[in-house]
Amino acid sequence: MLTSAKKTMPALDYVSIIRSVYGDRRAMLAGAFASALSAALTAYRSQSLALYAIAVAFVVLGIIRYFNMRAFWRAGIGQTDAHTARNWEDRAVWTGSALALAYGLWCLFAMTLVDDPFAELASISLSIAVMVGICARNFGLDRLVTLQMLGVIVPMGLGFFLSGDPYHAVLAVLLLVMLASFRKLAGDIRSILLSAVHGRVEASRLAAELDLAITTLEHGLCMLDENGTVTLANERAVRTMALINIHALIGKPFDAVLSDLAATGRIPQTAIDRLGTMVGENQSGKVLLALGPGLYYEVTVSARGTRIVLLFEDISERVKAEERISFMARHDTLTGLPNRNYFGELALDELAERASRAQPSLLMIIDIDEFKHVNDSYGHVVGDELLRQVATRLQNALPANAVLARLGGDEFVALIGQGQEADTFMASADMVQAAFADPFLLKGITLPVRVSTGIVVSALTTDTLEDLMTKADLALYAAKGDGKARNEVFHAQMDIDYHYRQRLKADLTDAVAQGQISLAFQPLVDIRTRKVVSCEALARWTHPDLGPISPATFIPLAEEMGMVSDITAWVVRNAVRECSQWTGDVGVGINVSARDFRGLDLSRLINAALDEFDLPPQRLEIEVTETAVIEEPQLAKRVLGGLNHQGISIALDDFGTGYSSLSYLNDLPFNKLKIDRSFVIDVGSQAKALRLLASVARLGRDLDLTVVAEGVETEEQLQVMLEHTHVQQVQGYLFSRPLPARDIAELIARLNAPLPRQRLARKYSHS
């Protein structure tokens with residue numbers, strides 16, 4: 001079936017074929033006139049009107065085809081406009097077929113209408129030549145080639161058949177074979193040409209894409225031939241080399257490029273030698289070139305056979321990012337000082353160097369006093385600004401060669417290696433204290449800030465950094481314990497105390513786990529009736545080797561170790577159990593710390609104990625200090641409020657030793673105010689002390705609080721308070737020391753009995 005080439009070809013190929021059909025219209029017109037002249041000669045020789053008509057047809061068809069071809073090129077169809085090209089294909093088919101039919105009729109008329117051998121020879125030979133031209137010119141359009149061949153061969157074959165002899169009939173049949181072979185020839189030419197066109201187009205496309213890739217490549221690219229000469233360099237490679245005044249890369253031996261790199265003096269010779277070795281030995285790999293300050297290029301060498309490609313990648317930003325990451329990993333982001341890990345590296349190097357010269361070193365740990373109070377009162381923004389300014393002051397106060405770092409939180413550390421004498425070292429420590437004499441200006445807030453410093457001076461090369469840090473920590477602990485805002489130098493007793501504390505910590509852990517903590521109870525007595533109204537439960541620990549350990553020692557240790565809530569939980573359950581066995585309505589008081597608000601569900605714990613031992617909530621008191629309240633004000637308010645709502649009494653213990661902020665008396669649900677023993681000591685001998693105690697007691701009574709005086713040891717103190725103050729309850733050795741559980745029940749029974757209480761009180765006050 002003869003179909004349009006549009007259905008079998010890509011648009012680009014189809015339009016290209018149509019263009020070829022309409023090419024060289026002058027040659028086409030000349031061929032038409034030459035054919036017309038030949039036909040006219042045969043007509044003149046044979047005096048045939050039919051042949052004259054053929055000559056005129058050649059002229060007319062030639063002119064028509066000429067103007068048709070001219071119109072095609074004026075139309076200017078697009079390279080992929082297949083729809084428009086289809087119209088021009090149809091016009092070419094009909095005009096071309098008409099011309100071919102004219103040749104065929106010329107042959108038919110010459111063989112049948114005239115008896116002239118010249119006419120037959122001229123018509124047949126020119127028609128055969130035209131068929132060859134058809135294959136050569138119109139090979140791209142199978143429909144056109146086939147119709148033109150038929151237009152020539154059918155009339156010509158008919159003429160052979162009408163000749164009447166078998167030889168001409170054979171020629172007629174052979175014309176059909178010629179038709180098939182010419183059509184096959186046209187198809188082969190079409191395939192060859194289209195394949196060549198496709199190859200050229202693909203090569204052009206690939207060349208254009210390669211050129212685009214090389215031109216737009218973000219990295220510099222150089223190509224070397226088998227002789228090591230630069231044959232290609234994109235614009236970025238040229239600009240990269242221009243940064244160090246190397247120009248004209250293309251056509252230059254790479255050895256000369258390396259020589260120019262060495263001549264700049266800006267690139268290490270080792271990098272140049274490595275690059276030269278890789279190129280010279282056809283190796284693949286990477287080389288880092290530092291072309292200038294902050295300008296780094298990574299050269300990737302790729303060897304393929306005798307060809308080498310070099311890729312220049314600007315990694316300056318990556319190197320900067322890596323340097324920033326490295327800096328952030330080694331430095332404190334807030335102050336810019338070395339962090340703990342990096343300080344360890346710097347300090348080890350410094351200690352090793354000083355040890356090699358047998359020179360002493362000083363290490364100090366600096367801690368900001370009351371830093372938590374700054375954060376709690378003014379917020380972390382002010383706290384962060386304080387840390388930054390502290391770092392600046394320390395840098396200015398310490399020697400230039402000191403290694404200063406931030407350990408974390410509000411702690412800084414410095415290693416100083418100047419001087420040979422301890423006095424020289426201590427001058428640096430004094431400079432640190434002097435640096436904090438002036439207050440800090442923090443976000444519009446003027447704030448005085450002091451620091452405590454733990455110092456260790458070591459002339460021993462055997463002291464490790466860990467040893468020095470431990471000793472400085474011990475000295476800092478001593479400085480904090482002795483009033484803060486001071487320097488403390490490590491001495492041997494600190495180490496002894498430290499190991500003692502470490503032993504106590506380990507043994508306390510075992511004691512809590514094995515239930516070796518015990519309870520003692522000290523009574524609170526009504527000042528007028530001298531009857532026991534409540535007993536304060538106190539934890540006690542008797543060490544198997546060291547004997548009784550003071551609560552002032554092991555309770556802070558428990559808080560430091562995070563075990564105090566375990567002790568509190570044990571005390572709550574056992575104190576409630578003991579109280580449930582006492583006669584009368586005597587209550588029990590239990591101390592809780594700030595850590596207990598965070599580490600325990602106090603409400604659940606207390607309610608479970610009350611339910612287990614069937615103790616009314618009114619017989620339980622919870623005692624808290626001002627320090628505990630200020631550390632967790634909101635949490636304390638919520639927890640204590642819930643307990644008080646159940647009927648549990650809340651007592652403020654050791655009033656007058658903490659912050660003494662009266663706002664806590666108003667904000668929190670206190671029922672009892674326990675005045676610290678420091679207010680009681682001199683009430684019998686000093687009027688001022690008595691007035692102070694009376695004022696505090698009056699304050700408590702005005703707030704509807706039960707007022708308790710702690711530390712009552714003499715009858716005189718008791719009598720003075722009874723006559724001149726509003727104290728309602730007293731606690732102290734006058735009535736009893738803290739007693740174990742087995743004795744407190746007997747004491748309660750005796751003191752609360754209706755018969756002589758004074759003698760019994762005297763007995764237990766000395767027990």
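These legends walk through several close-up views of a predicted model.

**View 1. The whole chain, before zooming in.** The protein chain runs to 767 residues, and 45% of them are buried. Its secondary structure comes to 28 helices and 22 strands. As for contacts with a separation of 6 or more, 63% of them link residues 24 or more positions apart.

**View 2. An antiparallel sheet of five strands.** Here five strands make an open sheet, ordered S2-S1-S5-S4-S3, and the pairing is antiparallel. At the edges sit S2 (230–233) and S3 (285–292), each of which pairs on one side only. Going from one strand to the next, the twist averages 20°. Helix H10, residues 269–280, packs on this sheet and touches S1, S3, S4 and S5. The direction of H10 makes about 145° with that of S3.

**View 3. Strand S5 and its two partners.** Zoom in on S5 (residues 307–314), which pairs with S1 (residues 220–224) in the antiparallel sense over five bridges. To find your place in that pairing, look for Leu-224, whose bridge partner in S5 is Ile-308. S5 also pairs with S4 (residues 295–304), again in the antiparallel sense, this time over eight bridges. In this pairing Glu-298 stands opposite Glu-313 of S5.

**View 4. The S4–S5 hairpin and the S3–S4 pairing.** S4 and S5 form a hairpin, with two residues between the strands. One to look for in the turn is Gly-305, which has a positive phi of about 65°. S4 pairs with S3 as well, antiparallel and over seven bridges. In that pairing, Gly-292 has Leu-295 of S4 as its bridge partner.

**View 5. A mixed sheet of five strands.** This open sheet also has five strands, in the order S7-S8-S6-S11-S12, but here the pairing is mixed. The twist averages 20° from one strand to the next. At one end of the order, S7 and S8 (residues 411–416) pair in the antiparallel sense over five bridges. Leu-404 has Ala-414, in S8, as its bridge partner.

**View 6. The largest cavity.** Rolling a probe the size of a water molecule over the atoms shows where empty space is left. The structure holds two cavities of 30 Å³ or more, and the largest has a volume of about 50 Å³. Its lining consists of Val-21, Tyr-22, Arg-65, Asn-68, Met-69, Ala-92 and Thr-95. Helices H3 (49–75) and H4 (82–112) each supply at least two residues of this lining. Which helix gives the largest share of the lining? That is H3, with three residues. Sorted by class, the lining of the largest cavity has four nonpolar, two polar and one charged residues.

**View 7. The second largest cavity.** About 40 Å³ of space lies in this one. Around it you'll find Cys-222, Val-230, Met-241, Leu-249, Phe-254, Val-257 and Phe-312. How do the lining residues divide by class? The count is seven nonpolar, no polar and no charged.

**View 8. Lys-484, a positive phi in a loop.** Lys-484 isn't a glycine, yet it has a positive phi of about 65°. You'll find Lys-484 in the loop between helix H16 (465–481) and S12. Is Lys-484 buried or partly exposed? Its relative accessibility is 29%, so Lys-484 counts as partly exposed.

**View 9. Asp-654, a positive phi in a strand.** Asp-654 is another residue other than glycine with a positive phi, near 55°. The place of Asp-654 is in strand S18, residues 649–655. With a relative accessible area of 25%, Asp-654 is partly exposed.

Methods. Residues are numbered from 1 along each chain as its sequence is written. This is a predicted model: local features need pLDDT of at least 70, side-chain atom pairs count only at pLDDT 80 or more; totals for chains, interfaces and linings use all residues. Side-chain values use heavy atoms; hydrogens and water are left out. On a 1 Å grid over the protein atoms alone, a cavity is a set of points where a 1.4 Å probe fits but cannot get out, and a pocket is an open set with protein on both sides within 12 Å along at least five of seven lines; lining residues have an atom within 4 Å of a point. Grid points are joined across faces, edges and corners, and a volume is the space filled by probe spheres set on the points. Helices (H or I, at least four residues) and strands (E, at least two) are DSSP runs, numbered from the N terminus. Ala, Val, Leu, Ile, Met, Phe, Trp, Tyr, Cys and Pro count as nonpolar, Asp, Glu, Lys and Arg as charged, and the others, Gly among them, as polar. Two strands pair if DSSP finds at least two bridges between them. Axes are lines fitted to C-alpha atoms, for helices over the stretch in contact, and angles run from 0 to 180 degrees between N-to-C directions. Buried means under 20% relative accessible area, exposed over 50%, partly exposed in between (1.4 Å probe, protein chains only). Contact means heavy atoms within 4.5 Å.
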